[in-house]
Amino acid sequence: VNAVAAWADEPSGEVAIVRAVPVIFADFYRQSRPQVARAVAITIGDTQLADEAFDEAMTRAYARWAKVGRLDNPGGWVYRVALNWSRSVLRRVRRPQRVPHAALATPEHVAAEPTIARALDELSVDHRAVVVCRYLLGWSEEQTAAALGIRPGTVKSRASRATKQLQSRLDHLRPEGPR
Amino acid sequence: MNYFGDFLSDQLAGHARSLAVQDTPVGVITRQGARRRQRRRALITSSSLVAASVTAVGAAAVVQRNDSSTIVVGESDADAISQQTAIAESPTSESIGSSADANLEEPPLTPVASNLTWNRLDPDSTESLGSTAMFGPQGIVGNGPFYALSTSPGRGQETTPTLYRSTDAASWQRVTMPSYLPQSIAARGDQLYAVGTAPTGKASVFETAISSSLDGGSTWSQAVLPLNLDELRSDPMVDSVGTQSSIVAGESGLVLVTTTNITLDPADLVPNWPNSFFGGYAVTGAGLEILINPVYGDCPETQDEGYVGPPTFITSTGGSSSGAPASPSGCVVDPGEPTGVPWSNTGISAAVIEALLRPVQIWYSTDGRSFAEVAAPDTGVGPSGTVLTTNFGDGYVVAYERYGQLAADAGVTTVLASADGLNWTLTTPPFAGIRSMGEVNGQLSVFAQSFTAPGGIYQNNTSVWQTSNLTDWSSVSLPSLISANDGPGAILEPVSIGFGPSGVAVLGQIYLDPTRTPDGVRVTKDGLTLQMLNAGMINRLLDAESGEILSEFDMMKPSDGGGFVGRSDLGFVVEDPRNGNKVTFTWEEQSAATLKAIEPFENARAIVLHSSNGTDWSREWVDEIAGVDIGPAHHVAMDGTRVVIAVAEQQPVVDLAVGELPIPKPILLIGTPKE
């Protein structure tokens, strides 16, 4: 797809690389749901709220699909809206205490190495968001910055700090053992 | 990525796989999104400024309202992306549901038999016109050769914008594109013209380019319109500058219309900018009106479709903006200190102020290479969201809709006509919400969408208006073509419209939404039934056994007769007025009942409406024409004699954990008028 920047001078002031033609919403939805909804769940530590947030973000995306569908990374848009929506709900609504990441997995699913969940719990949401975008969703620093509304340099610094902390917790899992 | 990065990715992927996420059907999302879009438009139009979501953080979005003007509100980047230029997008972006049930007083229109003979083309087999989509409101331009901006042909996900040329409108050949994606193209014989925003080589800086080709799109020359965008951008109060343009070629020359949209960075004027959820500014003829972020007290939750909190703007003229829903009982709103700022005190340059207040600029050229700005009638202040051009007889018509600076200007559609492209006269048509227009058999034909909210029922009016003299207009309301046989709560969502010598064609989708029927959706609990009448945003409390209406209330406030106690984190709290018993209908219960009601009607069905004269309309199901189930409807265009529809086959639902989505198969349907 040819990337064009016809809307880069949007009112948002963000440099948004946009596609000439939007992807089909239904395709985007089906492809991104398993990945982005889980990414939001890991970031906020609440699968139920993440489901609600993802639905909310996707609903907004559909309502604005002529623009969102042309973005270089519409998944980043959805992730950010879902994250913001989740945070506003958490701020305003007294919800049951957040479930630790280690307990998020359902019994019928094979739990991942629990240490990763505990290590994620020790990160702030901001740092966890960067880790999720960079290492789970595989987005570039620029894409992560656009998705989170922060500078690429901030992505780099947060990623550095977060991975340093995670490494200290997870190094023992390296196949060759801790250094 | 280093070793630890790879390791971390693997661990995160494993952790993610262990999480069970729900699988909401895409139809539920699209239905909610369409409703949201409809509601947002309705709310914006009716000045009920719910559109500012407290869930959002960040940059600005321009919305419109009737009572004051262009408003930049703190909203999510998400919202910001969509609002300002959405109406200049492809018609799909403007597709908003129109419900027969919401238009209860709309008399049904009896459709006539179609006069089109349809032929299905497989884009695999020929260099045909595009695959899954076409661009812009214009469709096919020129009277021969024909030109169209579309996607690349053939099957697949490849949707590169491609410019086509055809001498017979049947077989199409690709020609060279300008160095940018045009917003508009025009043709006069083999002279082809394009206008759009072209990159300058500097990040996020664009210029408005006009390009011409004298050899049918083989080679192009390009010039920059003297809009002085760099001067506007250099003002420290300016955050971004964009332009929208439309061009038309006539017998005497070319008419080009441009509008410049400026977003300010009013950090020194708006408190807590840009993180203020509700704060922002409004542009008026006198200056900037500052919208202040209200401070809330101990408010009960007012969550409604994701909008949380009392949706109230505080304006510099004092108090809340008119039309905003009342704050819930017990919610304290601090209006803060109103601070309107006259232009002279804003520090904004004269050039920027002039551009902010100017609806459009009209340019004329006889050769397509040099364009001179011509005087336009004084049509009031305010930039335009939509700019359109078309031929009309031997002359030209320019139409635009201001999103307003002063109360009387907001949402006003203006039509300018000229016989020579140099001298323009002003007419004000009897409709708002102009979306696209064209010439049909000597008539100017306009597709318009507007919203009203009589009695609180949000009503989307999609109409085709026609005139032969720019004074006397007639119209047909498209929802009047919905039939009772279409199903419960049928909603027509126009997707695309095309104009041409053989008439007007509308490609749309029919949704069935039983929640909008007069009976609505019911939830019963503890001897009481909550009847949700979604078409009117009204709720009734019924006796579960007898069905007796005990009370009626809307989404926000109690009725005089009682019954509605309030909204809590859990849902609606109601009270049986006969005995005082309180019952909470939770959001989950309401949502489950709604989802259950609409689940059988998840998929929309594509429909094509066609009229040769703008008065008598036929309607045909696209899947019956194509002979297969149809997925998303994309675009309709009209060439000299035919109706061209681009759609795609319905895709099967695929579990992405075990398989990949198949490539959607594009289909072209060609309708030829019967002899």
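A residue is called buried when its relative accessible area is under 20%. By that criterion, 60% of the 179 residues in chain A are buried. The structure described here is a predicted model, and chain B of this model has 675 residues, of which 61% count as buried.

## The two chains

Chain A contains eight helices and two strands. Read from the N terminus, its elements follow the order β-β-α-α-α-α-α-α-α-α. Chain B contains eight helices and 43 strands.

In chain A, among contacts that join residues at least 6 apart in sequence, 64% link residues at least 24 apart. In chain B, residues 24 or more positions apart account for 55% of the contacts with a separation of 6 or more.

Helix 1 of chain A covers residues 25-44. Because 17 of its 20 residues are buried, this helix is largely enclosed by the rest of the structure. The helix has a kink of about 55° at A:Arg33, shortly before the proline A:Pro34. Just after the helix, A:Gly45 adopts a positive phi of about 70°.

Two packed helices are described by the angle between their axes and the distance between the axes. For helix 1 of chain A and helix 2 of chain A, the latter spanning residues 47-63, the angle is about 145° and the axes are 9 Å apart. Their crossing is right-handed. On the side of helix 1 of chain A, the contact includes A:Phe25, A:Phe28, A:Tyr29, A:Val36 and A:Ile44.

## The nonpolar cores

The largest nonpolar core has 63 residues, and those touching the most other members are A:Phe25, A:Val78, A:Tyr79 and B:Leu8. Helix 1 of chain A gives the most to this core, with 11 residues. A second, separate core has 30 residues, including B:Ile262, B:Leu269, B:Val283 and B:Ile348.

Leaving aside residues up to four places away in sequence, A:Val78 touches A:Phe28, A:Val36, A:Phe54, A:Ala57, A:Met58 and A:Ala61.

| Residue | State | Relative accessible area |
|---|---|---|
| B:Ser212 | buried | 5% |
| B:Ile497 | buried | 4% |
| B:Leu541 | buried | 0% |

B:Ser212 belongs to strand 11 of chain B, residues 206-213. Apart from its neighbours within four places in sequence, B:Ser212 is in contact with B:Leu192, B:Tyr193, B:Thr219, B:Trp220, B:Ser221, B:Gly368 and B:Arg369.

B:Ile497 is part of strand 30 of chain B, residues 490-500. Its contacts, not counting residues up to four places away in sequence, are B:Ser436, B:Phe447, B:Val464, B:Val504, B:Ala505, B:Val506 and B:Val636. B:Val464 is 33 residues from B:Ile497 along the chain, and their C-alpha atoms are separated by 9.8 Å.

B:Leu541 lies in strand 34 of chain B, residues 538-543. Beyond residues up to four places away in sequence, B:Leu541 touches residues that include B:Leu528, B:Ile549, B:Leu550, B:Phe553, B:Val574, B:Pro577 and B:Phe585. B:Leu541 and B:Phe553 are 12 residues apart in sequence, with 8.3 Å between their C-alpha atoms.

## Loops with positive phi

Two loops of chain B each hold a residue other than glycine with a positive phi. B:Asn441, with phi near 50°, is located in the loop between strand 26 (434-440) and strand 27 (443-452) of chain B. B:Asp526 likewise is not a glycine, yet has a positive phi of about 50°. B:Asp526 occupies the loop between strand 32 (521-525) and strand 33 (528-533) of chain B. B:Asp526 has a relative accessible area of 62% and is therefore exposed, since exposed means over 50%.

How values were computed. Residues numbered from 1 in each chain as written. Chains lettered and ligands numbered in written order. Predicted model: local features only at pLDDT ≥ 70, side-chain atom pairs only at ≥ 80, totals over all residues. Heavy atoms only, no water. Core = buried A, V, L, I, M, F, W, Y, C linked by side-chain atoms within 4.5 Å. Buried < 20%, exposed > 50% of the residue type's maximum accessible area, 1.4 Å probe, protein only. Helix = DSSP H or I, 4+ residues; strand = E, 2+ residues; numbered from the N terminus. Contact = heavy atoms within 4.5 Å. Bend = angle between axes of the 7 residues up to and from the residue. Axes fitted to C-alpha atoms, helices over the stretch in contact; angles between N-to-C directions. Left-handed = near helix turned anticlockwise from the far one by under 90°.
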